[in-house]
Amino acid sequence: MSNATPVLDRLTIGGDLAVHRLGYGAMHLTGPGMWGPYPDPAHAVAILRAAVELGVDFIDTADCYGPGDNERIICQALHPYPEQLVISTKGGLLRRGPSDWTIPGREYIVPLGRPAYLRQQVEMSLRNLGVERIDLYQLHSIDPLVPLAEQIGMLSDLRAQGKIGHIGLSGQPEVTCEQLTQACALTDIAAVENLYNVADRTGDAALKYAEQHDVVFIPWFPLGHGQLVAPGGPLEGVAAQCGASVSQLALAWLLQRSPSTLLIPGTTSLAHLAENMKAADLVLSESDLTLIEEALSGYSLATRRPVGPSV
């Protein structure tokens, strides 16, 4: 690995928010099924504070995690927020209970992008997070029943009012290049959050577009929803050769895949949190990357790509 080129440690969102490329995804600091509050609030607070102490200055959440509970525990743990801390939240995705996302391929993914609803959800997130302005607000899923111009238009209006700093898009599972192009034609899009990891690269085209148009690319499920790091996984041998854990290997791969990636691995373990943060120190050589490709040859993750909402 000594002949590899170090990766950049930081990037800038929207031209003015400089953050480290290893952030934290707070989704799992909720109850089972991402429904209700985390059963041990003191531990959730400890995780969030430890993340910031370890250098995290970008935290990702959403109004539907809880719903609301995830934003509120972030506020409880970190408010008043450190000056450099960027918090991104999302809105525009409906929930109905703790079993929403438990059936692979048949998850309950129902977007709601009506402008009045988005305005309400921004106001609720402002209250839950205890802020007057949300640094990065992402449309959680584009609503096919509402013109994109109306969805983006409402968020643009809220940005003009000072309630949103920057606008992003999130995909379930991904925002396509066509959708991203359409959105960028309507307003400045600072970030896109898509399903993407070393074993699922369906979003390569969107990643390339993000690179070319100064859009930050935020991969969700960066560890394959835990499948990549499970015992006996395909990357165990390569990780051992690199002197790293499998999670560090998978995260380091994402950091080197593109200078536009901003990672948000989530965990409820203090030990795993510290382990993940060390991924920024792992630099992979061309031979390491080749070994990863060989290890993944013929391997596929269990699908996390919904085939339609089970309404």
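Where in the chain does P173 lie? P173 sits in the loop between β7 (164–170) and α5 (177–186), and a cis peptide bond joins Q172 and P173. Please keep in mind as you read that this is a predicted model.

**The sheet**

Let's start with the strands. An open sheet is formed by 7 strands in the order β3-β4-β5-β6-β7-β8-β9, and the pairing is parallel. β3 (24–25) and β9 (216–220) stand at the edges with a single partner strand each, so one side of each is left without a neighbour in the sheet. β3 pairs with β4 in the parallel sense over 2 bridges, and there G25 stands opposite D60 in β4.

Strand β4 (residues 58–60) also pairs with β5, again in the parallel sense, over 3 bridges. D60 has S88 of β5 as its bridge partner. To get from β4 to β5 the chain passes through helix α2 (residues 69–78), and this β-α-β crossover is right-handed.

On its way to the next strand, β5 pairs with strand β6 (residues 134–139) in the parallel sense over 4 bridges. Here T89 stands opposite Y137 in β6. The chain crosses from β5 to β6 through helix α3 (residues 115–129), and this β-α-β crossover is right-handed.

Is β5 enclosed or open? Of the 6 residues of β5 (residues 86–91), 6 are buried, so the strand is largely enclosed by the rest of the structure. V86, S88 and K90 point one way from β5, while I87, T89 and G91 point the other way.

**H140 and its surroundings**

H140 lies in the loop between β6 and α4 (148–160). With a relative accessible area of 3%, H140 is buried. Leaving aside residues up to four places away in sequence, H140 touches residues including K90 and G91, both of which belong to the buried set of β5. Other contacts of H140 include A62, C64, S170 and Q172.

**Nonpolar cores**

The largest nonpolar core has 75 residues, and Y24, L48, I74, L78, L249 and I292 have the most contacts inside it. Helix α8 (residues 246–257) provides the largest share of this core, 8 residues. Another core, of 13 residues, lies apart from it; V19, V86, A191 and I218 are among its members.

**The largest pocket**

The largest pocket holds about 860 Å³ of space. Its lining has 39 residues, of which M27, H28, F221, P222 and H225 lie nearest its centre. Both α8 and α9 (270–277) supply at least two residues of the lining, and α9 gives the most, with 3 residues.

**Backbone details worth a look**

F221, one of the residues nearest the pocket centre, is found in the loop between β9 and α7 (236–242). Its phi is positive although F221 is a residue other than glycine. M34, in the loop between β3 and α1 (41–53), also has a positive phi without being a glycine. M34 is buried, with a relative accessible area of 13%, and F221 is buried too, at 14%.

P67 is found in the loop between β4 and α2.

| Site | Feature | Angle |
|---|---|---|
| G66 to P67 | cis peptide bond | omega near -10 degrees |
| Q172 to P173 | cis peptide bond | omega about 15 degrees |
| M34 | positive phi | phi about 55 degrees |
| F221 | positive phi | phi near 55 degrees |

Terms used:
Residues numbered from 1 in each chain as written. Predicted model: local features only at pLDDT ≥ 70, side-chain atom pairs only at ≥ 80, totals over all residues. Heavy atoms only, no water. Buried < 20%, exposed > 50% of the residue type's maximum accessible area, 1.4 Å probe, protein only. Pairing = 2+ DSSP bridges. Right-handed = clockwise from strand over helix to strand, strands pointing away. Core = buried A, V, L, I, M, F, W, Y, C linked by side-chain atoms within 4.5 Å. Contact = heavy atoms within 4.5 Å. 1 Å grid on protein atoms, 1.4 Å probe; cavity = no way out; pocket = protein on both sides within 12 Å on 5 of 7 lines; lining within 4 Å. Points joined across faces, edges and corners; volume = space filled by probe spheres on them.
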